[in-house]
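Dear colleague,

Please find below the structure that I am handing over to you.

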Amino acid sequence: MPASFEVRFRGVRGSIACPGPGTARYGGNTACIELRCGERLVVLDAGTGLRGLGADLAGRGPLEADILLSHTHLDHVVGLPFFTPLFDARSRFALRAGHLAERGGVRPVLERMLSPELFPVPLGGFAADLRCIDFRAGEEFGLAGGIHVRTAPLDHPGGATGYRVEFEGRSACYVSDTGHVPGKPNRDILGLIEGADIVIYDAMFTEEEFARHPHWGHSTWNEGARLCEAAGADRLVLFHHDPRRDDEAMDRLGADAAACRPGTRVAREGMVLSL
Ligand SMILES: [Zn+2]
Ligand SMILES: [Zn+2]
């Protein structure tokens with residue numbers, strides 16, 4: 001029997017957390033996804049959803065995991081200091097980012113976020129071993145446990161990285177924080193998601209909203225569907241929801257997307273998909 005490969009959504013919002021009765025079903029936490037590749041844990045982004053993952057791991061002993069950041073905008077990193085496994089001296093983490101290799105690297109950026117004026121615990125104050133590794137979006141690398149990762153640059157202010165995590169012949173892609181050019185499918189993304197089993201895609205905007213903000217670095221479910229069709233990818237999962245969109249509006253958006261491309265799902269906090 002092949003090892004299990006699971007995707008668990010811990011935070012599905014973009015921009016800022018938006019808890020409350022209107023967002024209770026889809027969830028209000030920002031970007032964080034837990035990938036379970038057999039025994040290995042890979043975390044995609046460290047938004048506020050990361051806190052819940054840390055809470056669930058409490059008391060389970062030392063942890064070894066890889067953290068892959070799409071980029072370092074706050075909605076993707078602000079959960080990091082609330083990830084309690086970082087306070088366990090026996091735990092080891094490798095955190096990677098692909099957009100800062102030529103601009104001083106990811107570590108100084110996280111240090112700025114955790115500077116004394118902004119947060120009481122500095123990056124060096126965590127007990128766990130946290131290694132920061134920079135690469136250039138477009139490179140590929142291997143992780144422990146037989147996991148292979150391919151990456152691609154995304155279309156986002158300040159840069160962002162898309163990931164394809166491959167494990168035992170299956171693949172999950174994470175393409176969050178990207179814009180698009182209407183009528184010009186992004187070739188880097190097409191290459192990244194070719195034939196993938198799951199594609200998690202930035203669907204923050206409707207087409208109407210996108211037309212008003214074409215350079216904000218966010219996309220639409222329509223473009224996600226077009227890319228998946230062109231790349232022969234299987235399941236499309238909509239992600240990075242606008243914090244202003246309440247549960248009813250998310251239902252409508254999801255129904256429209258599924259009518260256009262059957263099988264399309266809206267990411268919801270707590271949702272688990274198996275590959
Ligand atoms: Zn974002
Ligand atoms: Zn961003």
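**Findings: strands, core and loops**

Strand β4 and strand β5 (residues 92-97) pair in the parallel sense over six bridges; two strands count as paired if DSSP finds at least two bridges between them. Helices (H or I, at least four residues) and strands (E, at least two) are DSSP runs, numbered from the N terminus. Within this pairing, Glu64 stands opposite Arg92 in β5.

This is a predicted model, in which local features need pLDDT of at least 70 and side-chain atom pairs count only at pLDDT 80 or more, while totals for chains, interfaces and linings use all residues. Residues are numbered from 1 along each chain as its sequence is written, and chains are lettered from A and ligands numbered from 1 in the order in which they are written.

Strand β4 also pairs with strand β3 (residues 40-44): the two run parallel and are joined by four bridges, with Val43 opposite Ile67 in β4. Together with helix α1 (residues 50-57), β3 and β4 make a right-handed β-α-β unit; right-handed means that, with the strands pointing away from the viewer, the path from the first strand over the helix to the second runs clockwise. Strand β4 (residues 64-69) is largely enclosed by the rest of the structure, because five of its six residues are buried. A residue is buried if 20 or more other C-beta atoms lie within 10 Å of its own, exposed if 12 or fewer, and partly exposed in between, with C-beta atoms placed from the backbone.

The loop between β3 and α1 holds Asp45. Asp45 is not a glycine, yet has a positive phi of about 70 degrees, and it is buried, with 30 other C-beta atoms within 10 Å. Glu168, in the loop between β9 (161-167) and β10 (170-175), is likewise not a glycine and has a positive phi of about 45 degrees. Glu168 counts as partly exposed, with 15 C-beta neighbours inside 10 Å.

Strand β12 (residues 235-239) pairs with β13 in the parallel sense over two bridges, and Val237 has Arg265 in β13 as its bridge partner. Arg226 belongs to helix α6 and counts as partly exposed, with 18 C-beta neighbours inside 10 Å.

The largest nonpolar core has 70 residues, of which Cys173, Ile193, Val199 and Ile200 touch the most other members. Such a core is a set of buried Ala, Val, Leu, Ile, Met, Phe, Trp, Tyr and Cys residues joined through C-beta atoms within 7 Å. Leaving aside neighbours within four places in sequence, the contacts of Ile200 include Ile33, Cys173, Val237 and Phe239, a contact being two C-beta atoms, placed from the backbone, within 7 Å.

As for the whole protein chain, there are seven helices and 14 strands, and buried residues make up 47% of its 275 residues.

With kind regards
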